[in-house]
Structure formats: structure tokens, C-alpha cells
Amino acid sequence: MSADILFTGGGEMGERIRTLDWSQTKLGPVADWPQSLISAVQIMLGSRFPMMVHWGPELIHFYNDGYASILQGKHPGALGQPAQAWWSEMWPFLTPIFDQVWAGNTTHFENQLVLPNRQGFVEETYFTFSHSPIRNESGQVAGIFVTAIETTTTVLNQRRLAMFSSLMAHAALATKPVEAAQHLVASLATDSQDIPFALLYSIDQPAQLAHLTGWFGLPAGEPTAPSTIPLSSDRYWPMAEALYSRQPVLVADLAARFGSWPEGEWAVDPRQALMLPLRLHEADQIVDKILVVGLSARRPLNADYQGFFSLVADYAGRALNHAAATYEAYRLNQALQEANNSLDTFVHIAAHDLKGPVNNLHSLLEVYHEEPAGTAQEHVMSLLSKEVHRLTSTVSGLLEILRSQHTVAPPAEKVELQTIFSRVYTDLIGYIQAQDGVITADFSRAPVVVCPPAYLESILKNLLHNALKYRAPDRPPVVHLSSRSRDNTVVLTITDNGIGIDLTRDKERLFSPFTRLTAEGEGAGLGLYMVRSLVQQQGGMLDASSTPGVGTTFTVVLPATRIND
């Protein structure tokens with residue numbers, strides 16, 4: 001009987017089987033085929049389930065329309081041809097399966113990784129499939145029945161969903177931005193089959209540099225993952241193109257760009273990468289980070305793969321922004337708790353320090369009324385005046401601190417250190433002469449800071465006044481001011497030759513309010529507390545080093561430029 005009579009229906013593959021000149025194949029004319037083969041092909045064509053028949057020792061191909069979509073580039077050439085030549089890239093994987101079936105066994109695999117070459121490259125795919133023996137009229141295994149469903153999409157989606165879940169879970173952690181970057185790439189690394197490497201760069205617009213803040217799959221600092229990349233250069237990764245286009249940028253032919261490449265998850269190097277701009281905020285288009293992701297050499301860059309990376313960019317941007325917001329909320333909460341604690345301490349100390357002068361005033365008033373008029377009352381009156389002055393000084397200090405902490409700070413501006421110093425020097429000239437002191441200054445190495453002028457004047461006045469007040473008894477006070485640049489800050493030092501401070505004993509109390517470490521001189525003990533508050537409001541730092549009997553150096557660190565300069 002002819003193929004037209006034996007094989008009816010079956011769509012495209014039924015038509016191809018009917019019209020193929022089988023006499024030119026190793027099976028010969030259809031009329032010579034055994035009934036077992038004819039029955040197997042009829043069952044295959046009658047099913048919409050993807051099926052394939054291998055027949056004879058050479059495993060001649062038959063397949064239906066469902067299996068044709070699986071074969072892709074191997075269709076229709078594989079029809080009627082021996083299997084090995086068409087599946088050479090998978091032969092080591094298939095041979096043990098075929099051996100089991102030839103022995104009369106049925107095999108079954110679920111979501112099995114298979115690496116066929118269907119589109120001109122070896123591709124990562126997953127299948128649930130079964131191989132069953134087909135017996136001829138004498139009961140011998142003469143062929144193999146294959147049923148298969150491609151589950152690649154399901155496996156990839158499950159894997160990618162797990163990665164996205166890890167990414168968002170890490171985003172919920174209250175971590176510093178640099179730690180959030182590492183968490184991000186650690187999450188991406190859980191899907192290294194899709195993303196063989198990832199590099200996260202933060203953009204420093206003023207410096208026109210991209211800084212590497214997170215990475216996996218490539219060694220940091222090497223040409224493939226430079227620690228910094230000038231935006232003006234595309235020698236390594238074309239940062240400027242991705243930054244200003246705000247669109248994904250495909251970097252092709254990595255081997256030509258970088259030379260040797262470290263192997264990833266697969267036994268073949270990635271050949272391409274995508275540069276994904278990440279938005280600074282969800283509501284705008286400002287880009288402040290670029291995520292460089294490697295493309296798997298086992299996946300085609302089709303709409304599905306591109307859609308996956310669109311989600312990666314969206315999730316990564318959201319994760320970093322959420323982590324930053326969470327950390328900022330955590331930091332502000334901590335600052336609020338510290339402020340509350342400081343306020344409690346401040347109120348307690350203020351009440352204690354105000355109670356002393358008030359009690360003294362009451363006692364002195366009682367003595368004043370008990371003393372007869374004359375010299376005794378005059379002495380008491382002088383003591384009263386002294387306590388009133390002390391109380392007034394304390395209240396004034398409290399009010400100044402409250403004003404500095406609860407009013408809007410004046411705008412910071414570029415200030416010449418020499419100008420403010422000259423003003424403070426003029427105000428203190430009488431006290432300097434009374435102490436027989438010498439004050440010198442050299443601001444040539446860093447002449448400008450960014451600070452409200454009134455704040456800088458208060459800082460210098462307090463520190464210079466203390467340097468003169470706590471002089472050594474055996475020598476005139478000598479004070480020297482100097483400045484130098486460090487990173488994007490100015491380091492200002494005020495060094496004196498006074499009595500010094502025992503920092504091993506008093507370091508923790510040095511900048512506390514109402515703290516006087518010596519009985520020398522007058523004061524409410526608020527000067528250093530005020531200075532530190534003003535410095536911290538400007539994002540700076542205040543520290544001290546000292547040797548008792550030798551002198552003290554206060555170090556003030558302030559910004560050198562405004563944020564938007």
C-alpha cells in the first residue's frame with residue numbers, strides 16, 4: 001500500500017511523510033515497511049502531543065507537527081534521516097538513554113536540562129520526556145517512541161522568580177547603600193545561568209566618574225571590571241552612552257573588547273552584555289547607577305530574554321531605592337532616639353546646674369539680711385553679683401544652644417578663613433593682650449571652607465578663647481591655626497601650649513554640656529558642646545588630642561565645596 005493510503009491527516013508532517021520519496025532513504029519504499037513501523041507512525045501522526053519515532057539501528061527520524069516546533073532549525077531536514085548526524089551535540093547525553101530502551105526499558109525525565117543546537121548555537125533548554133521501546137512482529141525492540149514537552153519557559157520563570165524574591169527580600173533590610181549594592185548583586189548571582197556576571201556602577205556626576213560598588217562573576221579591578229571608569233571614555237564599558245540615553249545598551253563581542261574572559265556557569269564564555277541604567281527615583285528619569293549584566297551564551301537575545309532584563313533593571317532600581325529609603329528611615333529614627341536621649345540628659349544637667357546658682361542666691365540673700373550694714377553686706381553683695389553673672393551666663397548659653405538646634409540654620413557659603421579669623425582676632429584683642437598671648441594663623445594650604453559665616457565665627461571664637469583661658473601658669477599662651485585639604489573637606493587645627501586635657505579620663509565628657517574639666521576660670525561649660533553642635537550641623541566633625549602639661553589640639557573638619565558646586 002502507498003503512503004497516501006497508510007498515513008492520512010497529520011497536518012504538515014503527515015503531508016511531508018506522504019510526499020517524501022522513501023525509496024531514496026535507508027528505509028526503502030513504504031510498501032516494504034513492517035506493520036510495527038507503520039502502526040507507530042500512524043499513532044504518532046494521530047496525536048497532537050509532540051512525538052517522534054526512531055526506527056532501526058540507525059534511528060531514522062519520524063515526527064509530528066508538535067515535535068516539529070521543538071526541532072526548530074532541525075526541521076524539516078531531519079525527517080527520514082539517521083539521528084546521530086542531527087544530534088551530534090547531544091549524542092553523549094542521548095546514547096545512555098537509547099541503550100536502556102534497546103534493552104527493553106522505558107525512560108522518563110522531568111524538567112531535564114538539554115543542550116540542543118536548534119538555532120545555530122548550543123542552547124539551554126528543559127524538557128519533560130519519555131523514551132519507550134517499539135517492538136516488531138517478532139517481539140524484538142526495533143525502534144523508539146519519544147514523547148516530549150518543552151518546559152524551558154516554566155523552569156526559567158521559576159528560577160527568575162526566585163531571584164527576584166531574593167532581590168526584594170534583601171531590599172527590605174536596613175543596610176547602608178554600599179551594603180545594599182552587594183546585596184543586589186548577591187541576589188543576581190543566584191541566577192548565574194541567566195546572568196553570568198553583574199557589575200554595579202554608581203555615577204559621580206561632579207567628578208565625571210563611575211565607581212564600582214557591587215560585582216560578581218568578574219574580578220574587581222581587572223580590565224573587565226575596573227574600579228573606576230571615566231564617563232568620557234568607552235574603552236571598557238561605554239558608561240556615558242547608557243547614562244545619557246537612559247536606554248539599555250548592548251555591548252557585543254566581549255572577546256574583541258576585553259580579550260580573555262573568565263568562564264561562567266556554562267563551559268562557553270559570555271559573548272555579550274547589557275548595560276542597564278537605573279533610575280535615581282521612580283518618579284523621574286535621573287540615572288545615578290548603571291548595572292552591567294552578562295548575557296548567557298546559551299540563550300538567544302529574544303523578546304523574552306530582553307523582557308527579563310527590563311524587569312531586572314526595574315527591580316534593581318526599586319530595590320536600591322527602597323533599601324536607601326529604609327536605611328534613611330532607620331538612620332533618622334536612630335538620630336531621633338539619640339536626640340531624645342540627649343534632650344533628657346540636657347534637661348537633667350540644666351536643672352542641676354541652674355539649681356546650684358539659685359540655691360546660692362537664696363543663701364546669700366539670707367546672709368545679706370542677717371549681716372549689719374557696712375563692709376560685710378558689701379562683700380555679700382559682691383558674691384551675689386558674681387552668682388547672678390554665673391546664672392545669667394548659664395541661661396544665655398542655654399538659649400544659644402536652643403536657638404542653634406531649633407531654628408533654621410543660615411545658608412552655608414564659601415568663606416575665607418582669613419577673613420573670619422581677622423574678625424575674631426579683633427574681638428578678642430583685649431583678652432589676648434590681658435593674657436599676654438600670641439596667636440598666629442596659616443590658611444594658605446586650604447583658604448576656603450563652606451559654612452555659615454556666623455557659625456564659623458562662633459567656632460573660632462570659642463576655641464581661641466578656651467586656648468587663652470586654659471593657659472599654663474608658667475608660660476604665656478601661644479596658639480596656632482592652620483588648614484589643609486583632605487578629600488572634599490578642609491581640616492582646620494587649633495593648637496595651643498596650655499595646661500592640656502587628660503583624655504584618658506575626660507574624653508567622654510569633653511563635649512558634654514555643662515562640663516568644666518578644671519576649676520580654672522569662669523564659665524558654664526557649654527562652649528565645646530556648642531562648637532560640636534555647630535560643626536555637626538554642617539556635616540563636619542570635631543575632635544581633640546592633648547597631652548597634660550604640654551597643650552591641646554582641636555581638629556575641625558568642614559566641607560570644602562557645596563553639594564551642588
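**Stop one: a hairpin and its neighbour**

Select alanine 210 and look across to E8, where isoleucine 229 stands opposite. Strands here are DSSP runs of E with at least two residues, helices are runs of H or I with at least four, and both are numbered from the N terminus. Before going on: this is a predicted model, where local features need pLDDT of at least 70 and side-chain atom pairs pLDDT 80 or more, while totals for chains, interfaces and linings use all residues. Residues count from 1 along each chain as its sequence is written, and side-chain values use heavy atoms, without hydrogens or water.

E8 (residues 228–230) pairs with E7 over 3 bridges in the antiparallel sense; pairing takes at least two DSSP bridges. Tyrosine 201 has leucine 212 in E7 as its bridge partner. Between E6 and E7 sit the 4 residues of the hairpin, and glutamine 208 in the turn has a positive phi of about 55 degrees.

**Stop two: tyrosine 63**

Which residues does tyrosine 63 contact, leaving aside neighbours within four places in sequence? Among them are Met13, Ile17, Met44, Leu71 and His75, with contact meaning heavy atoms within 4.5 Å.

Next, pick Phe7, Trp33 and Phe62: like Tyr63, they are among the residues with the most contacts inside the largest nonpolar core, which has 46 residues. Such a core joins buried (under 20% relative accessible area, 1.4 Å probe, protein chains only) Ala, Val, Leu, Ile, Met, Phe, Trp, Tyr and Cys through side-chain atoms within 4.5 Å. Helix H3 (residues 35–45) gives the largest share, 6 residues.

Note on methods:
Buried < 20%, exposed > 50% of the residue type's maximum accessible area, 1.4 Å probe, protein only.
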